[in-house]
Amino acid sequence: METISTETRKMSSDLRVQYERWMEENERSRGTIRKYGYYLALFQEYLGGREITRREVIRWKEVLKGRFSPGTVNGALAAVNSLFAYCGWKDLQVRLLKVGRKVFCESRRELTKNEYLRLVRAARDSGNERLALLLQTVCSTGIRISELAAITVEAACARSASVDCKGKIRTVFLPEALCRLLRRYADKRGIRSGQIFVTRGGRPLDRSNIWRDMKKLSQAAGVEPEKIFPHNLRHLFARTYYSQERDLLRLSDILGHSDINTTRIYTRESGADHLRRLEQLGLVVEGEKYNRITLLL
């Protein structure tokens with residue numbers, strides 16, 4: 001941690017670069033560095049050159065609450081709080097929002113298996129074989145988009161990949177059917193070793209490009225755009241695995257979660273699913289059944 005004079009409490013691009021370099025040196029994940037950089041840029045834009053004061057931070061918090069979900073707001077506040085700790089400005093840190101634990105997920109954002117299959121089919125029909133294979137790779141293994149680099153020709157041959165995320169290394173097993181598709185795709189593209197999901201120039205795919213290409217499938221697949229984003233494939237894997245195995249601890253290991261409570265979020269059912277289960281209980285007595293019970297009494 002560095003202590004920066006209170007006279008220099010201004011947000012600048014130089015400070016952001018300095019802080020991001022510090023995060024790299026302290027082995028923060030690339031995803032965290034990218035996310036914090038985005039939120040700090042938003043904060044800098046909001047300030048417009050004004051000095052950073054606790055009042056300004058609280059006002060920004062209110063602005064965020066009007067624009068984003070509580071989870072996103074807390075992500076942004078965590079970013080600025082972390083920067084303030086780095087600078088020695090702990091008096092500027094603000095509290096995160098208290099978010100009550102949701103019992104059910106939002107069905108309007110829940111990707112179903114049928115919708116996923118339609119997305120894969122739409123990608124194939126459009127001639128985007130790489131995207132179709134990417135969708136299947138993420139959804140059949142539960143890996144993060146940031147972990148695609150671990151899907152190599154060698155991994156497809158060994159049927160397992162070694163994934164390094166946030167300093168934790170775990171083994172991800174690959175279904176044989178997926179491995180056959182990966183090997184066939186790599187052979188067709190002349191990829192003899194190393195990463196499979198790369199551009200024509202051999203560079204790793206960019207997350208934003210993957211997101212954009214997935215969104216393009218919406219109309220052809222008949223799937224709402226708000227349901228189409230990479231992480232939703234990981235959620236579908238988790239729900240499907242849990243519905244079959246009912247083993248939350250093993251699923252937590254497979255997903256690479258350090259906290260099993262995070263895994264619980266992934267396996268939440270929708271309110272519609274819960275309502276259907278209630279209907280199947282048959283505990284509401286109505287009409288003729290009710291009259292018969294009265295007569296018996």
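Helices (H or I, at least four residues) and strands (E, at least two) are DSSP runs, numbered from the N terminus. By this definition T137 has its place in helix α6, and the chain as a whole has 15 helices and two strands. The structure is a predicted model, in which local features need pLDDT of at least 70 and side-chain atom pairs count only at pLDDT 80 or more, while totals for chains, interfaces and linings use all residues. Residues are numbered from 1 along each chain as its sequence is written, and side-chain values use heavy atoms, with hydrogens and water left out.

**The chain as a whole**

- Buried residues (under 20% relative accessible area, whereas exposed means over 50% and partly exposed lies in between, with a 1.4 Å probe and protein chains only) make up 40% of the 297 residues in the chain.
- Among the contacts (heavy atoms within 4.5 Å) with a separation of 6 or more, 61% are accounted for by residues 24 or more positions apart.

**Residues of helix α6**

- T137 counts as buried because its relative accessibility is 0%.
- When its neighbours within four places in sequence are left aside, T137 is in contact with I143, L148, I151, L178, L182 and F197.
- A132 also lies in helix α6, and A132 counts as buried because its relative accessibility is 2%.
- Not counting residues up to four places away in sequence, A132 touches V120, A123 and R124.
- A132 and M214 are 82 residues apart along the chain, and their C-alpha atoms are separated by 9.5 Å.

- Two packed helices are described by the angle between their axes and the distance between the axes.
- Axes are lines fitted to C-alpha atoms, for helices over the stretch in contact, and angles run from 0 to 180 degrees between N-to-C directions.
- The axes of α6 and α11 come within 7 Å and cross at roughly 40°.
- The two helices α6 and α11 are therefore oblique to each other; angles under 35 degrees count as roughly parallel, over 145 as roughly antiparallel, 65 to 115 as roughly perpendicular and the rest as oblique.
- The crossing of α6 with α11 is right-handed; a crossing has this hand if the near helix is turned clockwise from the far one by less than a right angle, and is left-handed if anticlockwise.
- On the α6 side, L135, V138, C139, S140 and T141 meet P230, L233, R234, L236 and F237 of α11.
- Sorted by class, this contact of α6 with α11 has seven nonpolar, two polar and one charged residues; Ala, Val, Leu, Ile, Met, Phe, Trp, Tyr, Cys and Pro count as nonpolar, Asp, Glu, Lys and Arg as charged, and the others, Gly among them, as polar.

**Packing of α2 with α3**

- Helix α2 (residues 30-47) and helix α3 (residues 54-67) have axes that come within 11 Å and cross at roughly 110°.
- Helices α2 and α3 are therefore roughly perpendicular to each other, and their crossing is right-handed.
- Y39, L42, F43, Y46 and L47 in α2 meet E56, V57, R59, W60 and V63 in α3.
- The contact of α2 with α3 has, by class, eight nonpolar, no polar and two charged residues.
- R59, found in helix α3, counts as partly exposed because its relative accessibility is 45%.
- The C-alpha atoms of R59 and Y46 are separated by 9.8 Å, the two residues being 13 apart along the chain.

**Salt bridges**

- A search of the whole structure finds 15 salt bridges, each being a side-chain nitrogen of Lys or Arg within 4 Å of a carboxyl oxygen of Asp or Glu.
- One of them joins the side chains of K227 and E115 (2.9 Å, N to O).
- This pair links distant parts of the chain, with K227 in the loop between α10 (218-221) and α11 (230-245) and E115 in helix α5 (residues 113-125), 112 residues apart.
- Both K227 and E115 are buried.
- Another salt bridge joins the side chains of E147 and R170 (3.0 Å, N to O).
- Here too distant parts of the chain are linked, with E147 in the loop between α6 (129-141) and α7 (153-158) and R170 in strand β2 (residues 168-173), 23 residues apart.
- Both E147 and R170 are buried.
- In the salt bridge of D213 with R212, the closest N and O atoms are 3.7 Å apart.
- D213 counts as buried at 17% relative accessibility, whereas R212 is partly exposed, with a relative accessible area of 43%.
- A network of salt bridges links R159, E176, R180 and R183.
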